[in-house]
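Please find below a short note on the two-chain model under review.

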Amino acid sequence: MRRALLISIVVAAACSAERGQAPSPSSTTGFSSIPARHYGLGRAATSEEIAARDIDVGPDGAGLPSGSGSAAKGAELFQQKCAMCHGPKGQGMPPAFPQLIGRDPKAEGFKFSTDFKLAHTIGNYWPYQTTVFDYVRRAMPQLQPGSLTNDEVYALTAFLLASNEVIPMTATLDSASLMQVKMPYRDKFVPDNRKGGKDVK
Amino acid sequence: MTDRTTDRITDRTTDLPPEPQKADDALSRRDLIAGAAGAIGVAVAAGLPLVAGGQGAKAPAPAAPAIPPDPTKLPGKPTTQVGSRSTFVSPSRAPYGETVGNSRAPLQDLTGTITPADLHFERHHAGIPQIDPAKHTLLIHGLVATPLMLTVDEIKRFPQVTRTHFIECSGNGREAYREPKPEMTAQKVAGLVSNTEWTGVPLKILLDEAGAKKDASWFLAEGGDACIMTRSIPMEKAFDDAMIVWAQNGEPIRPEQGFPLRLLLPGWEGNVSVKWLRRIELGTRPWMTRWETSKYTDPLPDGTARQFSFDMDAKSIITSPSFPRTLTKGWWPVSGLAWTGRGNITRVEVSTDNGRAWHDAELSPTTGVKAPVRFTYMWEWDGKEAVLLSRATDETGYVQPTRKALINVRGIGTDFHFNQIVGWKVAADGKVTFHGET
């Protein structure tokens, strides 16, 4: 009883800004002080239900499925399923359909901040090869998302990495060999150092 | 107010209302024709563009305006099930793109701080999914004691909170930053921001229900659209002010805003407030999804790119007067919106001489933290050329920078987070155009 009362007080306090009181600084308006309580709503999800949705692949390779595909096979698939939007050479139709393929020598200094015409292709920019696999599997092709087999996703990933000169065009990828790949510009990404205050960063 | 009307009437000329169905509609039809002709005349005289923001905006067909010469001399219209705007008022978003697209809020047509839900900006990457709320569920799994499956109705039974927060796309203002042009409207310059009242459950409460484990440091939020949008979020935000919302301005969230469930991460770039939310997974590192690697990263002049740059820094824009208005000499309210993802706006200054002198503007009472204020500065225009600017300061002491200062630290090619000072040039003939080179 006492606990329930406390919860309602905290929730009410958290909502005080909507009651015409002056809002307090943002650091004190979060919900972190609401005490934990079990409401018994919802039900335990089954492992099948989780597996049906949990298709994500992490940068450490977690979630990569079995299967494999060659860059050569991926080249065929790309022309069949991707080229109508991204162009036969992966040149894209920006902004809706981004350029995927291309290693611009100007990208070597990673000078995207001074040249907004420099394309953020997979080879020029993307820090993780697992992102290619994950996104193609979950979202592509745009008109038939989720229609590719895992072998096809490996093949397309291999083709996209090969055509971006990250791996040889003779390569075949599976979960182990995909994790041997290192993207050219992986180390260019840094955490956000903005914190408010006087400095413009 | 009157200019708002004439701005929007122009849209009707491209999309005339249907023919009346009955003979007794003849009067309204006659008035309609006269009204439409009048609208065209106004548009031509004012030299207004037929398309708002030059983005292919098209207003929905308005009802026939049956305006009697003297409304006090006959009874008015009956009550209706759903209200509608005056036939003289038809603000419209500026849609761009089809499956992958956005539509900007008509900032120049809005007053106060709340955005009507049907004018809240949109951004989506694989179209707007049509979802049956009775079949929609939210899965919470990963580093939790009990993986939970929750229906929408069950989520609505947890403690509810209602808060007002802005959402801003972190690409908002890119064109005005990179290539400012005089004929840009406020909608074009900054229409990817909106502010509404949201109702939902603190994410913290749902995480307690599932039993979040202490070693979880990041969570993945996943939407139920056709690209199954995913973003990685630090757990600190989950236990701070994150919410899972289902209502907006008192009604269920609209489909383009995430019906039936949306993650809301106040003050952070809009992309992370994942719409059509269907899954939350707790883990120990970010997933490096497409949206936090190839997009939504900020290239910097030192040859790096900033990643997970969530916070939206302080920003403001004068929404009135703005292009394509024409001013006459005399008093004008210089009015606009200011907001910060870091808490509250503490000060907005207005300059009428291109930044030489700054004057404190009046601020409306705030509707909450991470919600915009409306600022107003009364200005008497003397008929000479002027440049109107606004500059916001937030509670951390951060002052909105000039475009030059931002380019200096980020470069012209940086891709997101454009919060530079912008303004409007008033020519000696009263014509107002965008002034982006600050």
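1. Of the 438 residues of chain B, 54% count as buried (20 or more other C-beta atoms within 10 Å of a residue's own; 12 or fewer make it exposed, and values in between partly exposed; C-beta atoms are placed from the backbone). This is a predicted model, in which local features need pLDDT of at least 70 and side-chain atom pairs count only at pLDDT 80 or more, while totals for chains, interfaces and linings use all residues. Residues are numbered from 1 along each chain as its sequence is written, and chains are lettered from A and ligands numbered from 1 in the order in which they are written.

2. Chain B has eight helices and 24 strands (DSSP runs, H or I of at least four residues for helices and E of at least two for strands, numbered from the N terminus). Of its contacts between residues at least 6 apart in sequence, 74% join residues at least 24 apart (a contact means C-beta atoms, placed from the backbone, within 7 Å).

3. Where the chains touch, chain A contributes 63 residues and chain B 77. Elements of chain B that each supply at least two residues to this side include β4 (137-142), β6 (161-168), α6 (203-210) and α8 (403-410). By class, the chain B side has 32 nonpolar, 23 polar and 22 charged residues (Ala, Val, Leu, Ile, Met, Phe, Trp, Tyr, Cys and Pro are nonpolar; Asp, Glu, Lys and Arg are charged; the others, Gly among them, are polar).

4. One open sheet of six strands contains strands of both chains, in the order β1(A)-β5(B)-β4(B)-β13(B)-β8(B)-β9(B), with mixed pairing (two strands pair if DSSP finds at least two bridges between them). β1 (43-44) of chain A and β9 (230-234) of chain B are the edge strands; each has a single partner, so one side of each lacks a neighbour in the sheet. Inside the sheet, β4(B) and β13(B) run parallel over four bridges, and B:H141 stands opposite B:E281 in β13(B).

5. Strand β4 (residues 189-191) of chain A is joined to β15(B) by three bridges, in the parallel sense. The bridge partner of A:P191 in β15(B) is B:Q307.

6. Which residues of helix α3 (residues 71-81) of chain A are buried? They are A:A71, A:G74, A:L77, A:F78 and A:K81. Seen down the axis of α3(A), these fall within an arc of 110° (taken from the directions from the axis to the C-beta atoms), so they line one face of the helix. A:Q79 and A:Q80, on the other side, are exposed. The cover over the buried residues of α3(A) includes β2 (68-70), α4 (83-86) and α6 (150-163) of chain A.

Notes
Contact = placed C-beta atoms within 7 Å.
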